Amino acid sequence: MHRYLEAKHSGLNAAPCTPYVPRDWVPDGYELSETDRELGAQLVRQHSEVCALSIASGHGAVRVEPDLVYEDANANVVVLVKPDLLYRDGREWIWREVKTSVWERRQVPNWFATYPQLALAVVLVARGALGGGGRVELEVLRPKGVELITFDPYTPQVRAAAEQAVLDHVHPWHADNLFAAAPGKHCGTCEVSRWCSFRDESAVEKR
């Protein structure tokens, strides 16, 4: 579904999405069951209610899944991020992430812990990564409706929560200087598992 929306939002002739979804909407190379095909079409129809292209204004006002690279000199890391969509609303760039769920609308205690890339988006926008101003949006597509949740990066509590979520997510690997093996199910497909003394034997046996 993401590939379908990417194609709809890209190109010179891109226009706001409508509830109409063609029968052959599934991109080439993807095979879906009839049930999944219908579910995906329903989610796309829900998306049309909040399609960002109905808001985007000006030439070059939409960037679909752009590669953005930032350097954090203090942490000694280079960060590569790929927003689902950036679009311009007036003079500000808006960062939108799109997620899907087959569950009914429910309260999520911590969106940033659930979607770390959302927390990173808030931190970057707050630091002026998109040129100042802007907001972060989360679009959650469900079979019976769509949720559009807005996060203001300049609200201190929101920014603090996002920064803490990013810290919690990256600290384990950023502080790791041992690089010890972490065996698991992935050992079953690892090309070097036959020589690895840390391999998960049960996973290798099922290969």
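**Close-up views of a predicted model**

By class, the residues lining the second largest pocket comprise 8 nonpolar, 7 polar and no charged residues. The model shown in these views is predicted.

**View 1. The second largest pocket.** This pocket holds about 280 Å³ of space. Its lining is made up of 15 residues. Nearest the centre of the second largest pocket lie G11, A14, G60, A61 and V62.

**View 2. The largest pocket and the elements around it.** The volume of the largest pocket is about 660 Å³. Its lining counts 25 residues, and D72, V79, L120, V166 and V170 are the closest to its centre. Strands β2 (68–72) and β3 and helices α4 (116–126) and α5 (156–174) each contribute at least two residues to the lining of the largest pocket. The largest share, 8 residues, is supplied by α5. Sorted by class, the lining of the largest pocket has 16 nonpolar, 5 polar and 4 charged residues.

**View 3. A nonpolar patch on the surface.** The residues V69, V78 and L80 together form a nonpolar patch on the surface. Their accessible area together is about 320 Å². V78 belongs to strand β3, which covers residues 77–81. With a relative accessible area of 60%, V78 is above the 50% cut-off and therefore counts as exposed.

**View 4. V125, a buried residue of helix α4.** V125 is part of helix α4. Its relative accessible area is 0%, and V125 is accordingly classed as buried. V125 and I94 are 31 residues apart in sequence, and their C-alpha atoms are 8.9 Å apart in space.

**View 5. The salt bridge between E65 and R3.** Side chains of opposite charge can pair when their charged atoms come close. In the predicted model, 12 salt bridges are counted. In one of them, the side chains of E65 and R3 meet at 2.8 Å, N to O. E65 is located in the loop between β1 (62–64) and β2, whereas R3 is in helix α1 (residues 2–9), so this pair ties together parts that are 62 residues apart in sequence. E65 is buried, with a relative accessible area of 14%. R3, at 33% relative accessibility, is partly exposed.

View 6. The closest N and O atoms of R96 and E137 are 2.8 Å apart, and the two residues form a salt bridge. This pair links distant parts of the chain, with R96 in strand β5 (residues 92–100) and E137 in strand β6 (residues 135–142), 41 residues apart. Both R96 and E137 are buried. R96 and E137 are also members of a network of salt bridges that includes D89, R135 and E139.

View 7. The side chains of E163 and R159 form a salt bridge, at 3.1 Å from N to O. E163 and R159 are 4 residues apart in helix α5, so about one helical turn separates them. E163 is partly exposed, with a relative accessible area of 31%. R159 is likewise partly exposed, its relative accessible area being 30%. Helix α5 is also the element that supplies the largest share of the lining of the largest pocket.

Notes
Residues numbered from 1 in each chain as written. Predicted model: local features only at pLDDT ≥ 70, side-chain atom pairs only at ≥ 80, totals over all residues. Heavy atoms only, no water. Patch = residues over 30% accessible without salt bridge, like charges linked within 9 Å, V, L, I, M, F, W, Y side chains within 5 Å. Areas by Shrake-Rupley, 256 points an atom, 1.4 Å probe, with all protein chains shown as cover. Salt bridge = Lys/Arg side-chain N within 4 Å of Asp/Glu carboxyl O. Buried < 20%, exposed > 50% of the residue type's maximum accessible area, 1.4 Å probe, protein only. 1 Å grid on protein atoms, 1.4 Å probe; cavity = no way out; pocket = protein on both sides within 12 Å on 5 of 7 lines; lining within 4 Å. Points joined across faces, edges and corners; volume = space filled by probe spheres on them. Nonpolar A, V, L, I, M, F, W, Y, C, P; charged D, E, K, R; others polar.
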